[in-house]
Amino acid sequence: MELLKKYLLLLVLFTTFLSVQAQDVTVSGEVSNEDGKPLSGVAITVDDMGEVGRTNKEGYFSISIKPNNSYTIRFSYIGRATKKRISVQTTDITGLRISIKDKTLGPVLVEEIRPSDFMDGIPLVDLTRISTPSQNFEDLIKVVGLGVNSNNELTANYNVRGGNYDENLIYVNGIQIYRPFLARSGQQEGLSFINPAFVNNIFFSAGGFDSYYGDKLSSVLDIRYRQPTEFGGSAQISLMGGQAHVEGNFAGRRGSYMTGARYRANSYLLNSLPTQGDYNPTFFDYQFLTNFYLDYDDPGNYKKWYTLGHFSTNNYRFEPQTRNTSWGTVNEAYQLRVFFEGQEETKFQTFTAATGIENMYNDNLKLSFTSSVFHSVESEYFDILGEYWINELETDPSKEDFGDSTSNVGVGGLLDHARNNLNVWIGNVYHDGKYTFDRKLDTITKNSKTANLFWGAKLQYEQFNDHLSEWHLIDSAGYSIPQGSPTIVELKEVIKQDNFVESYRATSYIQFNRGLIRYKPVYLDLKRKIKTDTGNIFIYFKDTLDRSPAKLSFNIGTRAGFRSYNDEWWLTPRASITYTPRKYFITEDTTLLRRNMKLRLASGLYYQPPLYRTMRSINGEINPNIISQKSWHNVVGADVFFQLWGRDFKFISEAYYKYMWDVVPYEIDNVRIRYYGDNNAIAYSYGADAKINGEFVKGVESFFRIGYLNTKEDILDDFYYTYYNSDGDTIFPGYTFNDAAVDSAYTEPGWLPRPSDQRMTFSVFFQDKMPRFENLKVSANMIMGTPLPYGPPTYERYKDVLRTKSYLRLDLGFMYDIINPDSLHLYTDKKVLKHFNQMTVSLDAFNLLGVNNIISYQWLQDIAGRYYAIPNHLTGRRINVRLIVKF
């Protein structure tokens, strides 16, 4: 019994001892920055135990861990971290003081880029090095974007593979961007949304893009703005305006911001147009971007709040006075002289705002929720009276009056009037998600599989309030055209409408990516040269290089949507596959040259639900039965990565075929798209594009691009009659039967060239540095394009079979770097200049060759009833001077 009591006593003592040993130990202290300021919300992790606590508002923390062990405690805060190694016994540890330095982990997180094999990652070029009249970011896309066509230096718009301006998607940080709707000429547009000083990454696709991107027929431009890591900025001033931006961090590097403003006044440039007068265009915009980390542990676990705001006001005022335009051939030349009265005033005020939350829960799951709104108030007022003379010119160089007027063949007048107002609201909320499946690695074959799942949903509200009041009068030789009743003056065109369109649309997408990487050893026969006292000898041997992977990946997804205005549903599946062959090597002595290739194939459906402008016909009426235009994309491409002169180059080539149905035909006047307002056409586009880019001159990127396009459409219900007299002569095609006709022929036009059918395009953006004077740089920006279709202003598409002149434009820039990163040490003792990272003076020569490019035609009639297509030319040669600074 006594022995049993002793054993029980020992058992109690031993249990008590174990309980004391097992009791957790408290570790506490404070966390601050370099300046001693307490940091709240610092995440605390212990070895592989995960997060065990966070600091409070005073920077204090307290955690519990097991005794009798050594631990590494990690403190993480907004992209920065520090570690502390401690040895824990059985007593609490208090009073720890932890300091987190500002730049422990380097830069703040950069926004995740969504690369795709059919999104061309365009190398970021210093956009201040590009000499263009508008200085819009899209000027770079016009030159380097695969499949892009543009014949107008005044606009930010572009066509892609047979489409029009309205068929292109533009995203900034995942937020869809809209442009003004009423612009009818490039000189009215002003500044585009994208601020070149903010841009960090550029992705562009001319077709075959995946389901993540929205519902348009032609292309995607995906821009990612920079996330600053330190204070900086830039400024630029020129003869046509200026711009400036500032960026930096706040809240202890927990947040970042960029803000900038731009101003342009293009009167100097527009005075080179054929129509002379008082040009007063003023364009201004302001834009900001902020990112703020509400929570941050590491790149695999954070919560970020972001905002984007933009306001622009574009005011275009013009009082035309005179116009002199000459055209024709060597043997038959004419001149148009016009005297004007009146003025034109166009105003566009747009506002864009977006905000959202991005949650990275772990390395696998990412969720984001965003809301954005676009508002535009647009007005277009003009009253312009013109009186014109059409004169024939002397074409015989041997005569004294060569080039002068010899006779008058036409006289008349024109009067244009408009009071158009448009108010637009577009608002949406949407969600995007991404889940990355864990990589699976076969330990025997060393093959691995990766997979990603993307999904999203969007609800959008649209409201368009449009008031149209517009008419045009043409008087030729005292007769109003068209000629009707002798007691009534008939106008050439009258548009009187009040339209209100309100609709909702809901869209969603799901997309699955999977890649399979297959490893296989690569055996090479190597030849090595070894120097000896008696000369060179060669040793041959076999060697095994690191396993070279061959990668096969595929992407499959679909979009679905519903539009309330006409109760339309759509489902658009899309798929692509990419094969990257194994890297292969060529040996020359001990030099290994590596060449890489990527083969791509994509196919899918692309629907474009109608927005307001597509629903509005030429006479201004709304067709509520308009449905989505549809396209089937098929793209095959190859990317080749190679080296020349020890520098990396990339060659891209793509061939494509697009079949389109339920197409809404349209006509283009300058940049104004006028839809026919009915889904009564089918169309196709096919062609090929190729581009090469790299450092042809070390340190500066250059691009060469060429493209071929063939695009046609067939309007399903169009036809016309051709009438003949008794002698078999044509009276006039396309008009109603008259008494003089005794016979007629019925004709269906069939396939017609689309308005964007530009067969060949070629563009170059080339940069060079002067030998021995590398601070002096030269950039050449050239675009060439074959003729585009056009026709008389009758809105009968089968007549649009004429062709304009080819487009050719060369802009040249000479830039001298007063200060650049290589010369900063020379200015460390200068009070002002030491604060600049770059100071550059640029001399730009716009349209260096002085080519009179044509944007559209004006049709007038002479006294004999003949019509003349009088070209409207674009800007002429101009010199511009810029000063650019960065700090």
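**Figure 1. A salt bridge between glutamate 493 and arginine 674 in the predicted model.** The side chains of these two residues meet with N and O 3.0 Å apart; a salt bridge is a side-chain nitrogen of Lys or Arg within 4 Å of a carboxyl oxygen of Asp or Glu. Glutamate 493 belongs to strand S25 (residues 493-532) and arginine 674 to strand S33 (residues 672-675), so the pair ties together parts that are 181 residues apart in sequence. Strands (E, at least two residues) and helices (H or I, at least four) are DSSP runs, numbered from the N terminus. Glutamate 493 is buried, at 13% relative accessibility, and arginine 674 is buried as well, at 10%. Buried means under 20% relative accessible area, exposed over 50%, and partly exposed in between, for a 1.4 Å probe and protein chains only. Residues are numbered from 1 along each chain as its sequence is written, and side-chain values use heavy atoms, without hydrogens and water. As the model is predicted, local features need pLDDT of at least 70 and side-chain atom pairs count only at pLDDT 80 or more, whereas totals for chains, interfaces and linings use all residues.

**Figure 2. A salt bridge between glutamate 654 and arginine 161.** The N to O distance is 2.8 Å. Glutamate 654 lies in strand S31 (residues 647-663) and arginine 161 in the loop between strand S10 (159-160) and S11, 493 residues apart. Glutamate 654 is buried, with a relative accessible area of 8%, and arginine 161 is buried at 2%.

**Figure 3. Surroundings of phenylalanine 137 in the largest nonpolar core.** This core has 47 residues, and Phe137, Leu221 and Tyr225 have the most contacts inside it. A nonpolar core is a set of buried Ala, Val, Leu, Ile, Met, Phe, Trp, Tyr and Cys residues joined through side-chain atoms within 4.5 Å. Beyond its neighbours within four places in sequence, phenylalanine 137 is in contact (heavy atoms within 4.5 Å) with residues including Leu127, Ile194, Val199 and Leu221.

Figure 4. Arginine 797 is buried at 3% relative accessibility, and aspartate 800 is buried at 8%.
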